[in-house]
Amino acid sequence: MAVGPELPDKETAHRPTAEVFAEKPIFATGNYRPPTLGISTAAKAPKGYEIFHISSYTRHGARNFSRNEVYESVLQLLHSAENDGKLTQKGAAFLHIYKEIYEKSIGGNSDLTAIGAAQQKALAEKIYKEYRPVFRKRKTVDARSTTAPRCILSMAAFCGSLHDRQRNLGISMQASPRHMAALNPNSSYNPELQDDLRENVMESPEAPYWDDYKALWRKLTEPEIFFSRLISDRKWFLEHCDDEYEMLKRFYYMIGIEQCCTGRNSLMEFATAEELEAMFECENFRFFCVSGRNPYYRGRNWALSRSLLQDILEYAGRDIRSDSDVAARLRFGHDFRLASLLSLLRADGFDRDADTPEEAINVFRFYESPMAANLLFLFYRNREGKVLVRLQLDGRNLKLPIGGTSVDGVEFYAWSEFRAYCEARIGEAGEILALWPYRPIMKGNGAL
């Protein structure tokens, strides 16, 4: 299985997207890309400290697209063009590739694919190899998942791989509604949820950012140029397509999802680098509006993830005790929730605000939460019982805006200071949620 691209040498969040994509073209597919598993994430600990515990939040592995209607509409347009003799040679080539994607995926909305399961197995193997001492000294693993089948199966694949590496691990797995408030804070199980923060609302035309999102697609993309490569008759195309921008967006989704079911990226060849960059920026804005530090929700979008951070803190408090036998606390969930947690933490790369759609691309990149993205909280202890914490996201060491101990550029935080910082973030998030009870929000142009 392809393990995914290594991260570019320089930090991606602060470089122009054109520069990043020239180096790693697959990043232009955003959060559909595979995880970064090809580089070591182990780090030298401060003198006298050894790793003893892992806590994590992991996105599910590669999946099918979430809506059958998107698969159907793309196929119907291409088939109709073929039947009416309107497909270009490139259009015919696109259709040939797309038929395999369609046949592998249709009817399996959001299902974990075999590639997604393999990603989780490879991730477990990587973590086990790099942090083996954790599992030698402690023999219990607690894993919990949201109730989404793709997350449950991701958990099963990951834990099965861990068991294959070490048979004497006692691994428990749960996927219960009672954990949903923490693992998916935007689910109806969270008592702090406000109506406009529900998943199905935040990702729909009802969302306050949607008018600006549509306007960005119209500003940055040129569907006429893209579709002219596939369909020879512009008039025919407009007669068979109600909204060419919406259709272009659907083609972008299929370009990205191909790697999740076939492991290939053949459809990327049908768009120019500039087109992929423009479509990435549009979808990046949507992702930023749901998860990042934008004005549309006044912080309530990422503040809702305080239940997840609280869960991580409370279990860590138990597990750092010397009498604990828990080697790892594993959580399996979703990309939006992972990015929201990082925004709440103000982790580097997720710590900056944007007030306009055009600014979002400079402060937020949704390729940072690929399939099987993995956020690790790594715990180290010395003989005096002092505990340090390190954060690592999918191959990148993260920094927080608090003082720490640096070893070769990697930051380690004293548990007491890390806990105090997280408690302060949880408190601020609670104030934000209490301050803004649900009420209609003005739409369009970021006017809030």
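Cys-241 counts as buried, at 5% relative accessibility (buried is under 20% relative accessible area, exposed over 50%, partly exposed in between, with a 1.4 Å probe and protein chains only). This is a predicted model, in which local features need pLDDT of at least 70, side-chain atom pairs count only at pLDDT 80 or more, and totals for chains, interfaces and linings use all residues. Residues are numbered from 1 along each chain as its sequence is written, and side-chain values use heavy atoms, with hydrogens and water left out.

The whole structure holds zero disulfides (a disulfide is a pair of cysteine sulfur atoms within 2.5 Å). Cys-289 is also buried, with a relative accessible area of 0%.

| Cysteine | Closest cysteine sulfur | Distance |
|---|---|---|
| Cys-241 | Cys-282 | 16 Å |
| Cys-289 | Cys-282 | 12 Å |

Helix H13 spans residues 273-291. Helices are DSSP runs of H or I with at least four residues, strands are E runs of at least two, and both are numbered from the N terminus. H13 reaches 26 Å from first to last C-alpha, close to the expected 27 Å (1.5 Å times one less than the number of residues). Of its 19 residues, 16 are buried, so H13 is largely enclosed by the rest of the structure.

Arg-144 sits in strand E2, residues 140-145. Arg-144 is buried, at 1% relative accessibility. Its side chain makes a polar contact of 2.8 Å with that of Asp-311. Another, of 3.5 Å, joins the side chains of Arg-144 and Asp-142. A polar contact is a pair of N or O atoms within 3.5 Å; within protein, one must be able to donate a hydrogen and the other to accept it, and residues adjacent in sequence count only if both atoms are side-chain atoms.
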